[in-house]
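Work through the exercises below with the sequence and the model open. Try each task before reading its solution.

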Amino acid sequence: MPALLETMRDPDVLRFTRTPDPMPDGWIHEYVARVGAEDRMRWAILEGEGFVGYAVTGPIDREGLEVELGYAVSPWGRGRGVATETLRQLTQWAFAQGMQRVTALISADNPASSRVAEKAGYTFEGVLRSVHHRNGRRGDLESWSILPGELPAS
């Protein structure tokens, strides 16, 4: 859990996710305890034996067959394609679950993550204005999506 906590406290992770800043006492334990909830999933991203980030789903819509995917790479795991490979694997997982539409909502201020979505085969759909809100600030999110049959071979 120390590597997860260090990742979640990284300034870029705090800037681009809904991780609370400052993080309340006990929040990380509650977050980990929710792993495997029926409507959301979370995974550790591992490289070899080491933790290099985490991946999540938003609420899984099993009726509408849609899911939003997300990822955060630790500072020590960046720049080596970890995020792109993670998003590809998450997308494969989503399609194996029967999803018919998979989305990634990415901060408009995060061009590196937008490149990840593009490399993973996602299509840019547009900007959702002022929808990302935390700590009294609002920001824009880019909407990216992928449908079955669009995932490129890795």
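**Exercise 1. The faces of helix α5**

Task: Which residues of helix α5 (residues 111–119) are buried, and how are they placed around the axis?

Solution. Start with the list. S113, S114, V116 and A117 are the buried residues of α5. Look down the helix axis next. These buried residues fall within an arc of 155°, so they line one face of α5. Recall the helix geometry. An α-helix has 3.6 residues a turn, so residues three or four places apart point the same way. Now turn to the face directed away from the buried side. That face carries the exposed residues E118 and K119. Then find the packing partners. The buried residues of α5 pack against β3 (66–73), α4 (82–96), β4 (101–107) and β6 (137–146). Finally, step past the helix end. Just after α5, G121 takes a positive phi of about 100°. This is a predicted model, like everything else shown here.

**Exercise 2. One serine in detail**

Task: Is S114 buried or exposed, and what does S114 contact beyond its sequence neighbours?

Solution. Check accessibility. The relative accessible area of S114 is 8%, and the cut-off for buried is under 20%, so S114 is buried. List the contacts, leaving aside neighbours within four places in sequence. S114 is in contact with I106, E142 and W144. Take W144. S114 and W144 are 30 residues apart in sequence, and their C-alpha atoms are 8.3 Å apart. Take E142. The side chain of S114 makes a polar contact with the side chain of E142, at 2.5 Å.

**Exercise 3. Strand β2 and its partners**

Solution. Begin with cover. Six of the eight residues of β2 (residues 50–57) are buried, so the strand is mostly covered. Count on the β1 side. Strand β1 (residues 42–47) pairs with β2 over six bridges, in the antiparallel sense. Count on the β3 side. Five bridges join β2 to β3, and these two run antiparallel. Locate G53. G53 in β2 is the bridge partner of I45. G53 also stands opposite V73 in β3. L65 is found in the loop between β2 and β3. The phi of L65 is near 55°, positive in a residue other than glycine. L65 counts as partly exposed, at 28% relative accessibility.

**Exercise 4. A cis peptide**

Task: What is the omega of the peptide bond from D21 to P22, and where does P22 lie?

Solution. Read the angle: omega is near 5°, and the D21 to P22 bond is cis. P22 lies in the loop between α2 (11–16) and α3 (27–33).

**Exercise 5. The whole protein**

Task: What radius of gyration does the protein have, against that of a compact globule?

Solution. Set the elements out. The protein has five helices and six strands. Along the sequence the pattern is α-α-α-β-β-β-α-β-α-β-β. Compare the radius. For 154 residues, a compact globule would have a radius of gyration near 15 Å; the protein has 15 Å, which agrees. The C-alpha trace extends about 45 × 40 × 35 Å along its principal axes. Check burial: 43% of the 154 residues count as buried. Check contact range. Among contacts with a separation of 6 or more, 55% come from residues 24 or more positions apart. End with the surface. The protein exposes about 8,700 Å², and carbon and sulfur atoms supply 51% of it.

Note on methods: Residues are numbered from 1 along each chain as its sequence is written. This is a predicted model: local features need pLDDT of at least 70, side-chain atom pairs count only at pLDDT 80 or more; totals for chains, interfaces and linings use all residues. Side-chain values use heavy atoms; hydrogens and water are left out. Buried means under 20% relative accessible area, exposed over 50%, partly exposed in between (1.4 Å probe, protein chains only). Helices (H or I, at least four residues) and strands (E, at least two) are DSSP runs, numbered from the N terminus. The arc is that of the directions from the helix axis to the C-beta atoms. Contact means heavy atoms within 4.5 Å. Two strands pair if DSSP finds at least two bridges between them. The radius of gyration is taken over C-alpha atoms; the globule rule is 2.2 Å times the number of residues to the power 0.38. Accessible areas come from the Shrake-Rupley method with a 1.4 Å probe; for residues, only the protein chains shown count as cover. A polar contact is a pair of N or O atoms within 3.5 Å; within protein, one must be able to donate a hydrogen and the other to accept it, and residues adjacent in sequence count only if both atoms are side-chain atoms.
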